[in-house]
Each structure stands twice: as C-alpha cells, then as structure tokens.
Amino acid sequence: MFKDEMLPAPNQPLPIALVGEAILKKQADEVRDFDEKLSHLASQMVASMVEAKGVGIAAPQVHSPLALFIMASRPNERYPDAPLMDPVVVVNPQIVLRSLLLEKGEEGCLSVPEQRFTIWRHQTIVVRYQDLAGHWQQTELTGFIARIFQHEFDHLQGITLLERSQMPEQKLMARR
C-alpha cells in the first residue's frame, strides 16, 4: 500500500474471493507487523463476514495473503443453532493437538456460495495463535467453535471447503 493511499472505512465490507480465484489456493503469509493496518483489515473482515451471514472469515477470502482469520459464531440464517460468541481475531494460528474423535457436520463457505457439504472434523483441538497486539494465546476448542477454527485454518493452507470435501479421509469417513 502506498503512503498516500487512503484506507476505506473500517466497517466497510470487502469483496469476497470465490472458489477458483488464485488467492484461495495459496498458503497464507505469516503476519509480522501488528499495526493499525492489521486492525483495520480485521475490522473490514468482520464487516464482510457479518454482511455475508458467516460465522468466520479468513484473510485470503478478502484477497489478502495474510495468516489471519475471524471467528464469530452467532445464530443466523445459515447457522440457526450456532452458539453466540464475540468475534475473535486469530493471527498466525497453529493447531497444537487434535482429538482422535471426529464428528461430522454440515458446512458452508462464503467462497463457495449456495453449497453445503458434510465434513468430518476433529471434535476437540488445542490451538495457539496471536491476537492483534501480537500476544500469544492458547486455548482448547470443542464442537462448533473447533469446526470454525479448522475451516478457517484450512483457508490459510490454501484449502477451500470444496477441496476438503474431496480429500480421501472425508470419503473414507463417509463410507463408515
């Protein structure tokens, strides 16, 4: 971004990348600068997610290469039974531990509109990530919140829901 370039308003939604766009196939870049631009991007991502009625959104979905996503579960038209949580900004995430127990659930993706997939995910995960100030956090996530984290984490690896649904382990679990 050039010095004289104006940033759009922080609550201004950004366009969402759709499956097939190159940005969704790339591994995200580590965030190194925890500055106002990062906070601004996070605010725009929340606005984009709310407008699209999502419960999470990853930076590549708004055409940014950064390893950043938002989790903000709340009941809505797409997920009427979703638990309510305040938005959490997740930067440079890692999955430290995955439970052996998997559970299936229906997922949609803002980048794969109008489609739903049954996806198997780890029921419980221990995760580590940085917040907007760059401080490391570690927590255990279960159920729907763990599902959101894993879905958005996939985006940072260049994996969309469409690719995840075609992976061999998904097909194997579906046959069980």
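What pLDDT does the protein average? The average is 92, and 95% of the residues score at least 70; pLDDT is the predictor's confidence in each residue, from 0 to 100.

This is a predicted model, in which local features need pLDDT of at least 70, side-chain atom pairs count only at pLDDT 80 or more, and totals for chains, interfaces and linings use all residues. Numbering runs from 1 along each chain as its sequence is written, and side-chain values use heavy atoms, with hydrogens and water left out.

**Select residues 1-6.** Here pLDDT stays under 50. The model gives this stretch 2 contacts (heavy atoms within 4.5 Å) beyond four places in sequence.

**Switch to cartoon.** Look for 4 helices and 7 strands. These are DSSP runs, numbered from the N terminus: helices are H or I with at least four residues, strands E with at least two. Trace the chain and the order reads α-β-β-β-β-β-β-β-α-α-α. The radius of gyration is 16 Å, close to the 16 Å from the globule rule for 176 residues, so the protein is as compact as a globular protein of that length. That radius is taken over C-alpha atoms; the rule is 2.2 Å times the number of residues to the power 0.38.

**Show the C-alpha trace.** Along its principal axes it spans about 55 × 35 × 30 Å.

**Display contacts.** Take those between residues at least 6 apart in sequence: 64% join residues at least 24 apart.

**Color by charge.** Count Lys and Arg as positive, Asp and Glu as negative, leaving out His and the chain ends. Place each charge at NZ of Lys, CZ of Arg, CG of Asp or CD of Glu. The mean positions of the 18 positive and 22 negative charges lie 8 Å apart.
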